[in-house]
Amino acid sequence: MGSFPGPVQVAQQWSGLVAEHKAEKARQAAFFQRQQERNAATLAANPDAVVTLRPYNGRPTFFSQIFTSLYTVLTGFILASILAIPAGIVIGLSASFTVPLTRLFNCLNRYRRWPGCRW
């Protein structure tokens with residue numbers, strides 16, 4: 001407790017994460033292979049049968065979690081850039097937007113009390 005892992009421990013953990021990722025991908029490939037075989041057998045027995053393709057619901061791996069996190073942050077950054085930058089420019093350049101929003105933000109300030117809020 002309280003000490004940083006050395007390079008050997010980091011390399012061991014990294015190789016464990018890579019092995020876990022590869023094993024999960026192999027399970028996913030086997031799942032889809034079994035699903036294809038089952039659907040092919042169903043269609044061979046009954047050509048009018050409706051087959052379904054189910055998604056794989058396995059455990060998320062370290063790499064998929066990192067990808068999801070980066071995707072979430074990038075999406076938030078892009079949305080904030082698209083919405084907040086133009087809104088900030090409009091609010092900053094227009095007195096008709098600046099005054100009411102300044103009053104609103106002052107009222108919403110957690111250090112002020114609601115009853116003292118005057119429009």
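Which pattern does the chain follow when read along the sequence? In this predicted model, the chain follows the pattern α-α-α, with three helices and zero strands (DSSP runs of H or I with at least four residues and of E with at least two, respectively, numbered from the N terminus). Residues are numbered from 1 along each chain as its sequence is written. Local features need pLDDT of at least 70 and side-chain atom pairs pLDDT 80 or more, totals for chains, interfaces and linings use all residues, and side-chain values use heavy atoms, without hydrogens and water.

The C-alpha trace spans about 75 × 55 × 30 Å along its principal axes. Buried residues (under 20% relative accessible area, with exposed over 50% and partly exposed in between; 1.4 Å probe, protein chains only) make up 7% of the 119 residues.

The structure holds two salt bridges, each defined as a side-chain nitrogen of Lys or Arg within 4 Å of a carboxyl oxygen of Asp or Glu. One of them joins the side chains of Glu20 and Arg59 at 3.5 Å, N to O. Because Glu20 lies in helix α1 (residues 7-45) and Arg59 in the loop between α1 and α2 (62-93), this pair ties together parts that are 39 residues apart in sequence. Glu20 is partly exposed at 30% relative accessibility, whereas Arg59 is exposed at 52%.

A salt bridge also links the side chains of Arg27 and Glu24 (2.6 Å, N to O). Both residues lie in helix α1, three residues apart, about one turn of the helix. Arg27 is partly exposed, with a relative accessible area of 42%, while Glu24 is buried, with 6%.
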